[in-house]
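Trainee: I'm new to this one and would like to go through it with you. Can we put it on the screen?

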Amino acid sequence: MMSSGSAALLTEKRTESMKQTAKVNEQLFKVVSPLLQWYDSHARILPWRENPEPYAVWISEIMLQQTRVEAVKPYFDRWMKAYPDLSSLAGADEEEVLKLWEGLGYYSRVRNIHKAARLVMKNHGGSLPPSFSGLLRLPGIGEYTAGAIGSIAFRLPVPCVDGNVLRVVARLTAEKADVSTAAAKKQFTEWVAAIIPTERPGDFNQAMMELGATVCLPNGFPKCELCPVSFLCEARLQNCVTEFPVKSARPARKVEKRTVLVLLDETGSVLKTALRRRPDRGLLAGLWEFPNVEGELSAEEVSQILHSAGLTSPALVKLKKAKHIFTHIQWEMTGYLAVVDHAASLPGASEKADSDLHWVGIDQLETKLALPAAFKPYYQNIKCFINKELRYESN
Ligand code: SF4
């Protein structure tokens with residue numbers, strides 16, 4: 001049982017927190033009108049804003065979680081031409097959908113879009129559910145995406161808080177909570193939810209994000225002189241904008257060395273290369289890759305691997321090193337190219353040694369199979385090989 005002293009302390013804390021929320025709400029509420037006026041005259045013209053119907057908003061929002069607006073535009077246009085509606089997307093083959101997403105990364109997101117499209121066709125008559133909770137039940141749709149679709153396409157007064165909005169709110173309120181914590185995100189989301197204007201929820205959410213993306217920039221360089229709400233901004237008034245948002249440093253990325261093998265077979269009528277599927281779980285789950293192993297291998301070690309896989313190669317070409325940065329890990333890759341005859345088996349080699357390799361025509365990499373960006377430099381090497389531009393790298 002709680003002592004009377006502890007209970008009094010708890011009540012005091014609650015009262016303090018309610019007072020702070022009321023103060024913040026009052027302050028943030030004043031932002032709404034000047035922000036919307038600014039948005040009316042400064043909103044960028046973007047393809048998905050022309051006709052903000054639910055499907056287009058959904059696709060654009062997931063794409064925007066991957067990369068910058070400018071990079072998303074061509075992807076969005078291509079996607080809408082290929083799959084103009086949910087029904088065409090639901091009927092598409094997964095390999096085709098992955099290929100269209102190639103270069104955007106985070107392939108689990110596009111797999112979820114595809115899965116969700118099929119569910120919507122099956123359970124919702126082909127239209128995205130027009131409620132926040134209904135949207136949240138679809139694969140890959142979290143609070144942020146449900147907030148974006150709900151407020152922009154269905155005019156629901158629900159918040160949509162991304163990194164841009166967290167930064168803007170942290171500066172407007174000079175709130176010292178660490179924005180990388182779930183508690184701060186929840187708190188900021190509640191503050192935003194309390195001030196959403198019911199007549200223009202989608203515009204308000206987009207205005208907050210737009211302010212963060214174009215004016216209240218990250219890394220200590222906001223353009224406060226252009227900000228429509230600078231006169232209400234606590235961090236600006238206290239002359240300490242560079243101190244916000246407060247964010248704990250991310251743990252350093254793990255560096256992993258890998259050796260990538262580009263195996264080519266010229267014995268048939270078309271040039272083929274060896275690919276394999278990555279495991280169903282974890283990094284780049286289920287995607288195609290060039291065979292690769294952990295560590296930085298020498299040419300002799302690679303020759304031994306090829307030999308034990310039953311593959312002969314007259315010469316190995318050492319390729320330029322490449323680097324790829326994932327969220328939590330960084331690959332530093334060494335590559336070798338070898339021309340092999342995969343049909344010919346060496347005496348003593350295990351019959352199954354290369355059984356996880358799929359030999360595919362190079363044209364399939366161009367048109368059909370999605371290859372993660374990490375392996376693109378090695379795909380370029382194949383093109384150089386075809387054009388006889390491949391340069392040998394010394395060890
Ligand atoms: S005044 Fe500066 S720091 Fe404050 S919200 Fe505007 S751009 Fe951001």
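Trainee: Leaving aside neighbours within four places in sequence, which residues is Val169 in contact with?

Mentor: Val169 is in contact with Phe188, Trp191 and Val192. Two residues are in contact if their C-beta atoms, placed from the backbone, lie within 7 Å.

Trainee: Before we go on, what kind of model is this, and how are residues numbered?

Mentor: This is a predicted model, where local features need pLDDT of at least 70 and side-chain atom pairs count only at pLDDT 80 or more, while totals for chains, interfaces and linings use all residues. Residues are numbered from 1 along each chain as its sequence is written.

Trainee: Back to the core. Which residues touch the most other members of the largest nonpolar core?

Mentor: Ile149 and Val169 do, in a core of 91 residues. Helix H3 gives the most to this core, with eight residues. At least three residues come from each of domain 1 (9-243) and domain 2 (254-386).

Trainee: What counts as a nonpolar core?

Mentor: A nonpolar core is a set of buried Ala, Val, Leu, Ile, Met, Phe, Trp, Tyr and Cys residues joined through C-beta atoms within 7 Å. A residue is buried if 20 or more other C-beta atoms lie within 10 Å of its own, exposed if 12 or fewer, and partly exposed in between, with C-beta atoms placed from the backbone.

Trainee: And helix H9, why is it largely enclosed by the rest of the structure?

Mentor: Helix H9 covers residues 143-153, and nine of its eleven residues are buried, so the rest of the structure largely encloses it. Among the buried ones are Thr145, Gly147, Ile149 and Ile152. The buried residues of H9 pack against helix H3 (54-64), H8 and helix H12 (201-214). Helices (H or I, at least four residues) and strands (E, at least two) are DSSP runs, numbered from the N terminus.

Trainee: Which residue follows H9, and what is its phi?

Mentor: Arg155 follows H9, and its phi is positive, near 55 degrees. Arg155 is not a glycine. Most residues other than glycine have a negative phi, and most peptide bonds are trans.

Trainee: Where does Arg155 lie, and is it buried or partly exposed?

Mentor: Arg155 is in the loop between H9 and H10. Arg155 counts as partly exposed because 15 other C-beta atoms lie within 10 Å. Ala174 also has a positive phi, about 50 degrees, although it is not a glycine. Ala174 sits in the loop between H10 and helix H11 (182-195) and is partly exposed, with 17 other C-beta atoms within 10 Å.

Trainee: Which residues does a cis peptide bond join?

Mentor: Phe244 and Pro245, with omega about 0 degrees. Pro245 is in the loop between H13 and strand S1 (254-265).

Trainee: New topic, the ligand. How many residues surround it, and which are the closest?

Mentor: There are 14 residues around the ligand, and the closest are Cys216, Cys224, Cys227, Ser230 and Cys233. Helix H10 (163-173) and helix H13 (234-237) are the elements that give two or more residues to this shell.

Trainee: Now the two domains. How far apart are their C-alpha centres?

Mentor: The C-alpha centres of domain 1 and domain 2 lie 39 Å apart. The contact takes nine residues from domain 1 and eight residues from domain 2. The domain bounds come from an automatic or database domain assignment.

Trainee: Which helix gives the largest share of the side of domain 1 that touches domain 2?

Mentor: H6 does, with four residues. By class, that side of domain 1 has three nonpolar, three polar and three charged residues.

Trainee: Last one: is Gly125 buried or exposed?

Mentor: Gly125 is exposed, because 8 other C-beta atoms lie within 10 Å. Gly125 lies in the loop between helix H7 (107-123) and helix H8 (132-136).

Note on methods:
Near = placed C-beta within 6 Å. Nonpolar A, V, L, I, M, F, W, Y, C, P; charged D, E, K, R; others polar.
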